[in-house]
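Please keep the sequence at hand while reading.

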Amino acid sequence: MKLELVCRSKGLNCYNAVLLTLFILIVGAKEDIPTGNHPSSLSNLFTRQETKTNPPSAVFLHGCENMEGNNLAVCSTDSQQALVVYNPDPLLAALHETEHEFRLEWQDIERVKISVPNIVKLHQGGKGTGGTTWAAGYILANFIAKHHSTIEDKLPPSFIEILRNRRKKISFEDCNVVELGAGLGLVSIVSGMLGCRALATDGDETVLPFLVKNVRAYSQHMKYPVKVAKLQWGSRRDEQVCLASLGDEFEVSQVDFIMAADVVFGQDPRVWKALLSTMLNLSHQETIIFFAYSCRYDLDAEFVQSLSKYFEIAEVPSEDWHSKYENTFLKVMVKKFTP
């Protein structure tokens, strides 16, 4: 859990902090966490501090007010909230993070024609689970950073054979990437650094300002600035607007990759049905989908298994992360041929 990671990083006694936190929350918690594209079962475990922020401008942003010229937009909101435990008590205040750093294990840097940083620092905040970066997001981002030039060697041979039969090769430079449930944007940022035309999407309006701020902070390391758009899963209108943001005549057939990390969270099948609908609507038979998730409930695994009705699916071997994140998995998939 995020709480455990923060406790360890601050040198606190995690279990004592958790017990004390739960006691305080049981006595005085007043507000549930609203949910966006990330359905949360944690809504009764967290309270948050309201902080006033100046909303950042975006490279491109749909679903926000005060649109400006030159494809710039401003997301206005009265308050932003961080999805970490917060209480005025000095001990618990140490658990509150407004930003977090992620170290990337870049390989074959010379193939990336723009200088890239080894550490990406993300601003955190929002009301839903997208307000922080979870294990699956880091695993997916680091996987493509580390193996972008030899990624076919890391995938199961049976899946590579499917791609060859479709005359499809995995190459990131100049390709089109759509990330679903991007949250704070780590995967989209790394995709942009690899030379992709990336579109980071999320349905949580409280997270979008932080997503915009994060992708904008690393635009100098990208061939194409990452674009940002609001996308509520299952909304055909949002899906069409997202595609239009990639180009006036952009079509689904031009989507090369879909990235999705930790989008399976909670126990609401209605949300998953909407997610599946968007995955099907935004992909074609040559779109490669990287799907990373942590298995927290039995229903999580059942949903991923249900995708096999619509997609050819293979599991990426987890030698790079299994020792630390044993319940986190990375799948790669393509749409099945339909008669």
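Helix 4 is largely enclosed by the rest of the structure, because 11 of its 13 residues are buried (under 20% relative accessible area, 1.4 Å probe, protein chains only). The model is predicted: local features need pLDDT of at least 70, side-chain atom pairs count only at pLDDT 80 or more, and totals for chains, interfaces and linings use all residues. Residues are numbered from 1 along each chain as its sequence is written, and side-chain values use heavy atoms, without hydrogens and water.

**Helix 4**
- Helix 4 spans residues 135-147 and reaches 18 Å from first to last C-alpha, close to the 18 Å expected (1.5 Å times one less than its number of residues).
- Helices (H or I, at least four residues) and strands (E, at least two) are DSSP runs, numbered from the N terminus.
- Among its buried residues are N142, F143, K146 and H147.
- The buried residues pack against elements including strand 5 (99-103), helix 5 (151-154) and strand 13 (328-335), with contact meaning heavy atoms within 4.5 Å.

- Seven strands form an open, mixed sheet in the order 9-8-7-10-11-13-12; two strands pair if DSSP finds at least two bridges between them.
- Strand 9 (227-230) and strand 12 (311-315) are the edges, each pairing on one side only.
- Strand 8 (residues 197-202) runs parallel to strand 9, joined by four bridges.
- L199 stands opposite K227 in strand 9.

**Helices on the sheet**
- Helix 7 packs on the sheet, touching strand 7 (176-180), strand 8 and strand 10.
- Helix 11 (residues 298-306) also packs there, touching strand 11, strand 12 and strand 13.

Methods:
Buried means under 20% relative accessible area, exposed over 50%, partly exposed in between (1.4 Å probe, protein chains only). Axes are lines fitted to C-alpha atoms, for helices over the stretch in contact, and angles run from 0 to 180 degrees between N-to-C directions.
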